[in-house]
Structures are given as C-alpha cells and as structure tokens.
Amino acid sequence: MGRVENPIDWSIPARGELAALLRRARKEAGVTYQELSERTGLSSATLKRAASGRVLPSQVSIERFLTACGGTAQDSAHATALRCNARRQQIGAPRRAVRVTLISSPAELGNALVALYRNAGAPTYRQMQARAGIHWLALSSLSRILNRRMLPGSRGQMAAFLQGCGVPERQQGDWVEAWRRVCVPQAGLPAPVFTFVSEGVRIPGLSPSARPPFANAPRYLPGARGSISRPQDGRVSEEIILEERIVQGRVIRYGTDHLLTVRSRTMLAESYLAAGHTADAIALLEQVVADQDRLPGSGRPRTRDARVLLSEAYFSSGRHPEAAALLELVAAEQAHLLGADHPHTLQTCTRLATAYLRTGHAADAVALLERVAADRDRLLGVDHPDTLQACARLAGAYTRIGRVAEAVTLYERILASRRHSLGPDHPVTLASDRTLSLLKGEPDPASPAPGRTSIFGVDSPSDPVTLVKG
C-alpha cells in the first residue's frame, strides 16, 4: 500500500482546484507517480509538486500529466483555465485601468497593458514571445513594458504584445488606436520646450520627467562630420527630418535622459551645425547639458561629448568666452577621470588653447600647448604625426605673441622630421617648408594665397588660428 498524499494546499483556490483535477486524473488512470514519470519524461518530484497545490505547474507539465493519464481535450482546456485563474490570483488583482477607448495618456496606456497582461493569466515572457507570431517581441522590451518603464515603440511591437496576451486579431483595433493616440505625434499637442527646425515637428515631453534606468548604448564621439548639407533653397534636408523623427520616437519611448535619447539628440545637434543651423544646435545642446547636469553624478562621457559639441557651436557663432568656459570644465573632468596624459584630455586641451587665443589669453594658450606638445613627445615620440601637429600648433601660438624665433626653431625640427619620414617632395613636407619660409620672412614663390596664409599649412587643417599678413 502506497503512502497517503499530503492534503492539497487551498491557499490559492484556483491552484487547489487544478491540483485536485490532476490527482483525480491520476486516480482514474490507476497509475503511480513513477509510472507517470516514465510516460512524461518528468521527475516524480515534479509531478507530485504539480498535484500538491503548493506551486503552480507550467503549462507543459500540466499537458504531459493529463496526456499520460488519458485525459481529454476538455480536461486540458479546463486545466488551462484553472492555471490562468491561479496565476491571476497569485499575482493579485490588477490596477484599475481606463477603458481602452478612453485612453489618452502614456500612464493610462501603461496601466492598461499591465492589466491586460494580468487578466491573460500573466503568461511567462517566453510564452508571450512564442505567441507573438510574425512580430518579434524582445524579452527585454517586454520586461520594460510590464514594469512601466516604456511603451511599445512600434505598431508591430504593440501587435506582438497583444497577441502574446491572447487578444484575437479582430479585437486589437481599439488597442492599436489607443497606442496611436498616445505614441504617434499629432498636430495640436501642447507646446514643448524645444521645437524642431523642420516646420510643424515638435517633441513632446522634453522637460524633465520620470527617468528610466540607463541602458547600454554605443558612445557618441564628437568630431566626425556627416554628409548633411544645407539645401540651396533654405529648406531642411531629408536627413535632418529623419533624425528629428528618431529623436522624437526615443523621447516618447525612453524619456529625455536615456542614453539612446541623449546620443540621438547630440547627433541631431551635430547635423544642425553641419547644415548651418547653429542657433538651433545651440538651443538643443544647452538643453541636453542642462538635463544631464540635473542627474546625480558628473563627468559622464555623453555629457562631455555634448559639451564639446556645444563649445564648437559657440565657436561658430563667435561666443568664444562661453566655449572656453565649457572646455575648461570638460578638460578638468577628463584629467580627473581619464588622466592628464589621455589622448581625449590632450585633444580637449588643444581645443581650449584655441579658445584662449580667440579670447586674448595668449599666454595661457601657449602654456597649455607647451604641455600638450611635451606630453605628445614623451608618449608618442619625436617623429609621431600627432607630436608634429602639436608642435605646429605651438609654433603658431608663438607667432601670435611675437616669439618668432622659437616658432622658427620648432618648424625647423618639424621640417627635418617630415623630410626624414615622408621625403623632400611630399606635399606635407613642401607645406612645412613654405610655412618655415614665411616665418623667416623669405620670399615664397609658391605662396597659396595673398593676404591671408595659414600658419599651420596642412599640418593642422582643423586649427582655426591664422596669420594675417600686413
């Protein structure tokens, strides 16, 4: 005679009813748990737990249990319904949700989706993913939706969520319409903090709001210019309009402080700069920096990138003191976090020196460029291209403050290195030779242009410092 089974746990009624159904099926089949284990491929302990009422068995375990006991399709459907009810009772009653046809805000839509999920029996994420059909539903996205950290980002993702919750396709229309009302921008929305360059396109919710946790995203490095250009008729290019749509979608989906949103807004600002919309780039970057400064912690790469790009925008609009102040802050943060010898730190110091020259602080610029040149020499070697470029910038600064003899000495060293590494007929070598002739006051028959000649030649094409010949 076998051991008597423990009483069923009825703490959750539907789960107890499911356990009673399984025990009844086993008793009618007249099999032991060991025999069931051989038929189902599940362990005896798993089968006993499923029929105990203390745990909620998986749908697969229930179906195997009933099939091994000779259960009917009606028994399986009844067991599935009991499992859904048990799951609903186990996680508690859902929040009261607004009727789907009356949903008008992201919060109402988020609560309604969670309530829909719970009323569907709170299936596992894998089950929802399997039910989604042709639409892909990422587990991470599903988790964020059910934790009210985001809303479905596309119509396909919304349809996948609805299918995962078991909503028939013919009943999905009201839900998709509710998602469209909330997530798809419409005309007549309240005026936001920032307006896009393209006419009639606005970003709702750019003011500080609930901030979702940060996610991993590629770091955006400033400096690389895209191929976006300003059309001749003054219209906004299609590339910029597309980038604005991307920013708009990420603001709605993730919020203004998410890594992806910050990166997209920074890239949009760079596109504005490249297309000549400097004022709009400054307005957007100032907002990005202000939003990030309100968050705890400082020195994040994304904030530094936005500040560097904002300093470039200030340069473009002639606001050199503001550019210098920003670059001082970035250089201090990079020296603290990355080290004074890090390439990014040295690059920022070079930009800062240019800002000092533009604001009349030539002595500070020279001191900074001397340190950068010394660090490049020590870290990379005398003949490294970055070292020679740093020396060329320093020579230009020396010329600005009248220390021409020192500039000549530096350029003689640069020219000797160029001749050794590139050869005497290389264009870069010839450009260095012409610059040295100008510094010495010697005639240059191959002078590139009368009246205004770059001190740096092609050694540093990005450096704005120039020498105006009187």
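## Salt bridges in the model

A salt bridge is taken here as a side-chain nitrogen of Lys or Arg lying within 4 Å of a carboxyl oxygen of Asp or Glu. In this predicted model, the count under that rule comes to 14 salt bridges.

## Glutamate 5 and arginine 23

Because glutamate 5 belongs to the segment before helix 1 (13-29) while arginine 23 sits in helix 1, the pair ties together parts that are 18 residues apart in sequence. The two partners can also be described by their accessibility: glutamate 5 is partly exposed, at a relative accessible area of 28%, whereas arginine 23, at 17%, is buried.

## Pairs involving helix 17

Arginine 378 and aspartate 341 form a salt bridge in which the closest N and O atoms are 3.1 Å apart. Arginine 378 is part of helix 17 (residues 362-380) and aspartate 341 is part of the loop between helix 15 (320-337) and helix 16 (343-358), so this contact ties together parts that are 37 residues apart in sequence. With a relative accessibility of 52%, arginine 378 counts as exposed, while aspartate 341 counts as partly exposed at 33%.

Aspartate 377 forms a salt bridge with arginine 413, and the closest N and O atoms of this pair are 3.2 Å apart. Since aspartate 377 lies in helix 17 and arginine 413 in helix 19 (residues 404-421), the pair ties together parts that are 36 residues apart in sequence. Both residues are partly exposed, aspartate 377 with a relative accessible area of 26% and arginine 413 with a relative accessibility of 29%. Through shared partners, salt bridges also join Asp341, Arg371, Asp375 and Arg378 into one network.

## Nonpolar cores

The largest nonpolar core has 32 residues, and those with the most contacts inside it are Leu352, Leu368, Leu394, Tyr398, Leu410, Tyr411 and Ile414. Two or more residues of this core are given by each of helix 15, helix 16, helix 17, helix 18 (385-400), helix 19 and helix 20 (427-440). Helix 18 supplies the largest share of this core, with 8 residues. Another core, lying apart from the largest one, has 29 residues, among them Leu116, Leu142, Leu162 and Val176.

Note on methods: Residues are numbered from 1 along each chain as its sequence is written. This is a predicted model: local features need pLDDT of at least 70, side-chain atom pairs count only at pLDDT 80 or more; totals for chains, interfaces and linings use all residues. Side-chain values use heavy atoms; hydrogens and water are left out. Helices (H or I, at least four residues) and strands (E, at least two) are DSSP runs, numbered from the N terminus. Buried means under 20% relative accessible area, exposed over 50%, partly exposed in between (1.4 Å probe, protein chains only). A nonpolar core is a set of buried Ala, Val, Leu, Ile, Met, Phe, Trp, Tyr and Cys residues joined through side-chain atoms within 4.5 Å.
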